[in-house]
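Hi,

Here is the structure I promised to pass on.

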Amino acid sequence: VEIIAVDGLTALGRWDRNEFGALEADVRPEDLSEAEQQALEEFPTVWIPDSRYLVELANASYKERLGRDVFLTDGEYRARPIAISLFAWGIYNTRADVLATKYGEINWESIHDAAVARGGWPELGGEPGWGFFKLVVPNPSKNVGGLAAMISAAGELYGRTDISVEDVTDPEFQAWLTELMGAVTDFSSSSAYTAEDFALFGYSVGDGGQLLESDLLQNMQGILTRWEDPLQIYYPEYLTWFDFPFTVWVGPETSAIQKNAALEFQRFLLSDSQQQAALAYGLRPANPNIPVDATGDSLFVKWADQGVQPIVPRTTAMRSPDRDVLLSLLRWFELNVTQ
């Protein structure tokens with residue numbers, strides 16, 4: 001098995017540009033020249049992106065071009081989660097205490113109100129030296145987590161789990177979202193690894209934000225080592241997540257032997273031992289037999305005092321948005337935030 005690490009959005013761009021060399025609809029592998037057949041040996045059999053959002057975007061593009069699905073949602077070769085990580089609020093304790101005192105609960109509405117407070121932290125009850133509230137959200141152009149955060153915000157604002165294009169293009173929602181995103185320090189200079197930036201640069205990056213739970217847990221030690229103020233984790237009512245789907249390419253570019261080998265590798269990744277190993281990275285097992293506290297090196301055990309919860313109560317799961325919703329959000333971001 002050869003594994004190549006590629007960022008999810010980078011991989012999506014390569015799929016969209018057909019850099020991997022998918023064949024046209026009327027071309028068969030046996031019709032290729034020897035050199036072309038050899039090049040096809042490099043075609044990826046499996047893609048494990050951050051989220052099924054990316055799979056659906058890529059599949060829609062190929063289905064339009066080829067007239068068929070290349071990634072399946074049912075059957076033997078369907079996309080199956082390998083691990084799960086939720087989006088959660090990570091906020092420095094001092095800031096979280098002030099927000100909880102002011103608003104009673106940390107959610108997108110209270111974060112929005114903090115973002116638009118004209119008097120900054122003193123108006124909220126915090127220290128004058130803290131300046132204005134600074135939000136941490138992944139850059140949607142570099143990290144699909146930014147899109148997931150905006151979907152969570154929309155779900156909470158509308159009070160439902162299914163978000164449409166009409167919702168994200170509503171002028172009132174866009175005005176609210178513009179105010180919210182205005183509290184992010186600088187999208188242009190942020191990397192694709194927002195939680196790592198948070199750990200490295202502390203308050204200069206932000207006071208808190210909604211990030212991937214596994215990223216927060218992996219960087220918790222760095223935050224505690226570098227900064228006196230520990231980070232506290234809170235879970236939103238409207239929950240989004242990454243499910244890292246193991247996605248097999250079903251086109252003729254990959255052989256039956258390769259596809260079946262992919263299923264063997266999938267079974268290995270879902271085995272008890274490999275699912276337990278995921279706990280050391282702050283990932284929730286997709287295998288239901290493995291609890292998050294199954295091992296001593298589980299980050300869910302290590303950081304229990306920082307608010308991480310083995311079982312998350314009182315949440316509403318957001319439905320996966322379709323291609324049009326994701327592209328509308330991304331286009332809005334490009335036109336209104338990155339200018």
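Predicted model: local features only at pLDDT ≥ 70, side-chain atom pairs only at ≥ 80, totals over all residues.

Let me begin with the cores. The largest one counts 68 residues, and the residues with the most contacts inside it are Trp47, Leu99, Trp108, Ile111, Phe133, Leu135 and Leu177. Leaving aside residues up to four places away in sequence, Trp47 touches a list of partners including Trp15, Leu54, Phe71, Pro245 and Phe246. Another core, of 25 residues, lies apart from the largest one, and Phe198, Ile233, Leu299 and Phe300 are among its members.

Now the charged pairs: there are 13 salt bridges. One of them joins Asp243 and Arg52, with 2.5 Å between the closest N and O atoms. Asp243 sits in the loop between strands S8 and S9 while Arg52 belongs to helix H3, so this pair ties together parts 191 residues apart in sequence. Asp243 counts as buried, at 5% relative accessibility, whereas Arg52 is partly exposed at 24%.

Arg284 and Glu213 form another salt bridge, their closest N and O atoms being 2.8 Å apart. Here strand S10 holds Arg284 and helix H11 holds Glu213, so parts 71 residues apart in sequence are tied together. Arg284 is buried at 10% relative accessibility, and Glu213 is buried at 0%.

Arg14 is partly exposed at 27%, and Glu19 is partly exposed at 43%.

Best wishes

Methods. Residues numbered from 1 in each chain as written. Heavy atoms only, no water. Core = buried A, V, L, I, M, F, W, Y, C linked by side-chain atoms within 4.5 Å. Buried < 20%, exposed > 50% of the residue type's maximum accessible area, 1.4 Å probe, protein only. Contact = heavy atoms within 4.5 Å. Salt bridge = Lys/Arg side-chain N within 4 Å of Asp/Glu carboxyl O. Helix = DSSP H or I, 4+ residues; strand = E, 2+ residues; numbered from the N terminus.
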